[in-house]
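Keep the viewer open and follow along.

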Amino acid sequence: MIKRVEVQYRGIFQKNLAKKIGSDIVMIASSMGQRAFSNGRYSDAPERNGIPCKYFAFVSPDLSEEELEAECGAKLEIDEANVSVVLDDTMCKGVEPWGWHGVRPINERVVKDGCLVVITKRPHEELLQFIGKKPYNYRLATLDGEASLAGLWVNKDDLTYEHVLGAIAAVEPTIISIEAVEAYLMKKTKDKKRAEAARAAYNSLRQEAKPPRVKTVTPNEGIVWTHEIPVLPKWFEMQEGAVVPAVPRGFQMGPKGQSRNTGFKRGTTKTQRPAVRFDLCTKCTLCWAECPDECFDPTTDGYYDIEYQYCVGCGKCAEVCPVKECIVMVDELQFHDNNSPWEDWKKDPKTYITSLEAKKGTERVNYPVVTGKGVIVTKGEVMPEGKIVPVRKTEEVEV
Ligand code: SF4
Ligand code: SF4
């Protein structure tokens with residue numbers, strides 16, 4: 001028998017965290033007399049900050065090391081997961097595990113009665129507005145916390161690692177038991193608070209916990225998956241030699257006006273998306289010029305629309321926009337579609353602004369991940385329609 005754990009994380013910012021979880025599942029399972037090993041997989045070029053990636057751990061109570069490795073080694077993707085851990089809840093909108101395999105449901109590999117563990121502050125129902133339906137029952141566990149986005153290649157020591165180990169012990173104790181987790185953490189770190197953090201997470205996911213954080217999801221719950229799954233060419237359909245067809249060139253004014261590589265959408269890379277108040281825009285062109293992914297489409301009236309399917313949420317446009325509150329990075333789970341924001345604004349400016357401000361909320365959350373500072377939260381401001389203030393936000397209320 002083999003039990004499989006999948007850790008879904010955001011490239012670079014959570015890589016060390018995911019690797020630590022994967023390799024320590026192996027150490028803990030081994031301490032329980034089981035055979036185990038782990039491996040990881042980048043879905044694409046490592047410089048793609050935020051790209052959805054996976055780390056795996058395989059545990060068996062009865063196979064030999066050789067048998068386990070023969071069964072699970074050298075695999076780029078697993079077919080099924082008994083436990084799938086999601087380190088950033090915005091990945092519930094779907095992940096693009098391979099640049100050209102399309103956007104896939106976050107729970108795609110979770111087996112019947114398996115468990116999807118999501119680190120989140122949101123209730124099950126809210127997450128299920130984004131997660132695809134499955135034909136069988138599985139469990140959805142919400143582990144209280146924020147996405148632990150760290151600096152490049154850095155692990156942020158905020159006890160997420162300990163919490164995840166405790167959570168796995170709660171939802172699938174045959175993989176690792178809480179006693180083995182505690183013993184391992186004490187032996188490795190000699191720090192009681194780490195074992196206690198694992199135990200607290202374990203207790204929070206116990207059946208008797210109030211409020212209940214593990215929900216059985218039935219086939220009626222979740223959404224019908226709408227993302228198209230690209231069909232790869234068969235070997236006999238391929239052209240001779242190393243042929244890479246060029247992206248057709250084209251440009252038109254307006255939404256989605258410039259040609260892009262439709263097989264290489266990077267939208268699932270983002271934790272936040274830029275929200276634009278077009279009524280405050282001075283048409284300065286900076287966002288259009290600076291976006292590293294060329295997501296902005298010039299419109300006939302001089303504004304710059306955004307193609308969210310290609311936006312990676314890097315925040316550069318919000319950084320360079322010289323107008324207060326004109327472009328603000330907003331939690332990706334506030335949005336249910338990739339519609340053209342410019343078209344929505346043109347249709348009904350007042351409704352657009354009201355709805356956008358509700359999504360923005362009162363806080364402006366910034367992840368200065370490159371410097372490894374974690375998260376910076378500043379106060380936002382609702383600007384009256386058309387009130388252009390050329391000032392950048394500076395007040396820090398929490399570091
Ligand atoms: S956040 Fe802004 S700059 Fe970055 S990819 Fe998206 S649209 Fe472009
Ligand atoms: S950077 Fe801001 S003000 Fe300048 S064009 Fe873009 S949205 Fe408008």
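Gly386 sits in the segment after strand E13 (376-379); helices here are DSSP runs of H or I with at least four residues, strands are runs of E with at least two, and both are numbered from the N terminus. Gly386 is exposed, with 10 other C-beta atoms within 10 Å. On the scale used here, a residue is buried if 20 or more other C-beta atoms lie within 10 Å of its own, exposed if 12 or fewer, and partly exposed in between, with C-beta atoms placed from the backbone. The C-alpha atoms of Gly386 and Trp288 are 21 Å apart, and the two residues are separated by 98 residues along the chain.

A word on the ground rules: this is a predicted model, in which local features need pLDDT of at least 70 and side-chain atom pairs count only at pLDDT 80 or more, while totals for chains, interfaces and linings use all residues. Residues are numbered from 1 along each chain as its sequence is written, and chains are lettered from A and ligands numbered from 1 in the order in which they are written.

Strand E1 (residues 3-10) is largely enclosed by the rest of the structure, because eight of its eight residues are buried. Lys3, Val5, Val7 and Tyr9 point one way from E1, while Arg4, Glu6, Gln8 and Arg10 point the other way. E1 pairs with strand E3 (residues 52-60) in the antiparallel sense over eight bridges, and Gln8 stands opposite Lys54 in E3. E1 also pairs with strand E4 (residues 81-86), this time in the parallel sense over four bridges, with Val5 opposite Val83 in E4. Pairing means that DSSP finds at least two bridges between the strands.

What covers the buried residues of helix H1 (15-31)? The list includes E1, strand E2 (35-41), E3, helix H4 (160-171) and helix H5 (178-189). H1 has 17 residues and reaches 24 Å from its first C-alpha to its last, close to the 24 Å expected at 1.5 Å a residue; the expected span is 1.5 Å times one less than the number of residues. One of the buried residues of H1 is Ile21, which has 24 other C-beta atoms within 10 Å. Leaving aside its neighbours within four places in sequence, Ile21 is in contact with Val7, Tyr55, Tyr161, Val164 and Leu165, contact meaning C-beta atoms, placed from the backbone, within 7 Å. Ile21 and Thr160 are 139 residues apart in sequence, yet 9.6 Å apart in space, C-alpha to C-alpha. After H1 comes Gly33, with a positive phi near 85°.

Helix H10 (residues 349-360) has 12 residues and spans 16 Å, close to the 16 Å expected. Its buried residues are Tyr352, Ile353, Leu356 and Lys360. They cover an arc of only 95° around the axis, so they are on the same side of H10; the arc is that of the directions from the helix axis to the C-beta atoms. These buried residues pack against strand E8 (272-276), strand E11 (327-331) and helix H9 (341-347). The face turned away from them carries the exposed residues Lys350, Thr351, Thr354 and Ala358. Gly361, with a positive phi near 70°, follows H10.

Some backbone spots deserve a look. Most residues other than glycine have a negative phi, and most peptide bonds are trans.

| Residue | Backbone feature | Location |
|---|---|---|
| Pro211 | cis bond from Lys210, omega near -5° | loop between helix H6 (192-204) and strand E7 (214-217) |
| Glu325 | positive phi, about 65° | loop between helix H8 (316-320) and E11 |

Glu294 counts as exposed, with 12 C-beta neighbours inside 10 Å, whereas Glu325 is buried, with 22 other C-beta atoms within 10 Å.

Finally, the ligands. Residues around ligand 1 include Cys291, Cys295, Cys311, Cys314 and Cys317, where being near means a C-beta atom, placed from the backbone, within 6 Å. Of the 14 residues around ligand 2, Cys281, Cys284, Leu286, Cys287 and Cys321 come nearest.

Notes: Contact = placed C-beta atoms within 7 Å.
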